[in-house]
Amino acid sequence: MAFMTVQTAPFDDQKPGTSGLRKKVKTFQQAHYLENFVQSTFDALGDCHGQTLVVGGDGRFYNQTAIQIILKMAAASGFRHVWVGQNGILSTPAASCVIRRYQAFGGIILSASHNPAGEHGDFGIKFNMANGGPAPESITGAIFKNSLSISEYQISDSDDINLSETGTQNLDGMTVEVIDAVADYADLMAELFDFAAIHKLLTRGDFRMRFDAMHAVTGPYAIEILEKRLGAPEGTVINGIPLPDFGEGHPDPNLTYAEELVEEMFSADAPDFGAASDGDGDRNMILGNNVFVTPSDSLAILAANADLVPAYRGGLKGVARSMPTSQAVDRVAAKLNIEAHETPTGWKFFGNLLDADRATLCGEESFGTGSNHIREKDGLWAVLFWLNILAARDLPVVDIVEHHWQEYGRNYYTRHDYEAIPTEQAQTLMQHLEHQLADLPGSQFDGRKVQYADNFSYRDPVDNSVADKQGIRIGFEGGDRIIYRLSGTGTEGATLRVYIESYQADQNKQHLDTQQALADLIELAESLAMIRDLTGRTAPTVIT
Ligand code: VG1
Ligand code: CO
């Protein structure tokens, strides 16, 4: 066995997006493509000699092939020790948990999250730091820079590692530890939540729940935690077997893609509680009997009820939400008298706030919620948090939501996505909006006065780094907002996301259909951006 130096040439498209590098599987299958990115990553980290690395992925097509390559490259770059999930599996939150537990130097997570999988689907790779969180922009920028000038990489020519059994193996002097993918994560959940109370709720006979793992990575985690440790009846978890093509589904837990669960939860004989997770296990959707909880409301409700959960009983240090996420949680923070932070989209921006203990709970409108227990958003964690609240309060989901609105008011909220728009059209649309920003403040639309209009810029309060051009915001007096940004996770053309929010304090007006309640703002969002004229689209592809 020996280390080899392989000559290569740069690819010009390896700039990490909102959450790592995502491309079609076919792109990753090109000779040297993955290797270039991995070498560029190791080089951006500095000296890797003697260090410990964590490797795992969401189990999609190409996962195991990529892991074998990464292990051989890690050995050639001097890593001493690698922890890898059995069969190459680690959900994103479990990877973050393992990095922290074993005090690793960092981890490589292979996932394209909710993007479709399979040979013709997407693949992805990202690096997480020693704190367990996604690499900050300073590192992703360095990776991209390296990828543009790379001329060679190092790799071992040794045989593949057997990933199917736990235990220790040797790869050219590097120790590979194949670990149970679920155990450490499940133990951490048991430390955070009142498992005894949740066990009682799930076994008392009159409470039914359903969890849809959507044939993605969360199945084994949900079965172990909900059915084995917490006593929920077998069959509580549906679509629990991870498949390399996610059963040809689209494991994005929302009202459009989680059809099977949504149908059951909105039926006459619906369970009391329903939840789903995404491809890599970091997203969550929360449903009650005939009710859907928006992710923004869910974050606010978790914050308002945090004292019911053992891990957060001491109080929250602060909360953080991505800029397009509704402002519902800000009202809870104001009442609790704690800091509320507004960050750009993407979990990497929460890392410093969590490390500095300035935020305890974080969330995004895109079905992501998490806390300082790890440094990623965490789907099952959110589900367990809700179960803990339901066990403690003994109320239906709908009552918990409505009581929350009564106390804090309701932030009507929707996101309209226009997928796969030709990139040039999307850029023209954003420029057209940008040109209007200077003139908008003070303008009136249907009795709404524009208070501010800008392209969001964020200065991290911990390290003072600045992230510019993070989305166009049009804010009205009273708190209503329209936000536009282009997705940084797609692999085909551009995806325009339009986020619309309106606050309603009047209890008599809190029970409207969301799209109806927001109809005039939706129309205004369309006309300001001229979506129809500039893209030819008459309706969004997906509404959440
Ligand atoms: C989307 C979401 C963002 C999330 C990101 C990664 O990014 O909007 O909130 O952090 O996906 O989530 P974008 O740039 O497409 O809007 V996941 O579950 O893909 O790791
Ligand atoms: Co995800």
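Me: What makes the largest pocket a pocket, and what is its volume?
Reply: A pocket is an open set of points with protein on both sides within 12 Å along at least five of seven lines. In this predicted model, the largest pocket has a volume of about 910 Å³.

Me: How do you know which residues line the largest pocket, and which are the closest to its centre?
Reply: A lining residue has an atom within 4 Å of a point. For the largest pocket, 30 residues line it. G17, T18, L486, S487 and G488 are the closest to its centre.

Me: Which elements give two or more residues to that lining?
Reply: They are α5, α15 (423-436), β25 (481-486) and β26 (494-504).

Me: How do the residues of the largest pocket's lining divide into nonpolar, polar and charged?
Reply: The lining has 7 nonpolar, 16 polar and 7 charged residues. Gly counts as polar here.

Me: Why is the space taken by ligand 1 called a cavity?
Reply: In a cavity a 1.4 Å probe fits but cannot get out, and this is judged on the protein atoms alone. Ligand 1 takes the space of the largest cavity. That cavity holds about 270 Å³ of space.

Me: What lines the largest cavity?
Reply: There are 25 lining residues, with T18, R283, E364, K377 and T489 nearest its centre. By class, 3 are nonpolar, 10 polar and 12 charged.

Me: Which residues around ligand 1 come nearest?
Reply: To be near, a residue needs a heavy atom within 4 Å. The residues around ligand 1 number 21. T18, S366, G488, T489 and R497 come nearest.

Me: What is the shell around ligand 1 by class?
Reply: It has 10 polar and 11 charged residues, and no nonpolar ones.

Me: What makes the pair between S366 and ligand 1 a polar contact?
Reply: The cut-off is 3.5 Å between N or O atoms. A polar side-chain atom of S366 lies 2.6 Å from an oxygen atom of ligand 1. That pair is within 3.5 Å, so it is a polar contact.

Me: How do you know that D282 and R485 make polar contacts with ligand 1?
Reply: Set each distance against the 3.5 Å cut-off. For D282, a polar side-chain atom lies 3.0 Å from an oxygen atom of ligand 1. For R485, an N or O atom in the side chain is 2.7 Å from a ligand 1 oxygen. Both pairs are within 3.5 Å, so both are polar contacts.

Me: How many cavities of 30 Å³ or more does the structure hold?
Reply: It holds 4.

Me: How much space lies in the second largest cavity, and what lines it?
Reply: About 130 Å³ of space lies there. Its lining has 15 residues, and G20, K126, F127, A135 and T140 are the closest to its centre. α2 (33-45), β6 (122-128) and α5 (137-147) each supply at least two residues. β6 gives the most, with 3. The lining divides into 7 nonpolar, 6 polar and 2 charged residues.

How values were computed:
Residues are numbered from 1 along each chain as its sequence is written. Chains are lettered from A and ligands numbered from 1 in the order in which they are written. This is a predicted model: local features need pLDDT of at least 70, side-chain atom pairs count only at pLDDT 80 or more; totals for chains, interfaces and linings use all residues. Side-chain values use heavy atoms; hydrogens and water are left out. A polar contact is a pair of N or O atoms within 3.5 Å; within protein, one must be able to donate a hydrogen and the other to accept it, and residues adjacent in sequence count only if both atoms are side-chain atoms. On a 1 Å grid over the protein atoms alone, a cavity is a set of points where a 1.4 Å probe fits but cannot get out, and a pocket is an open set with protein on both sides within 12 Å along at least five of seven lines; lining residues have an atom within 4 Å of a point. A molecule sits in a cavity or pocket if more than half of its atoms lie within 2 Å of its grid points. Grid points are joined across faces, edges and corners, and a volume is the space filled by probe spheres set on the points. Helices (H or I, at least four residues) and strands (E, at least two) are DSSP runs, numbered from the N terminus.
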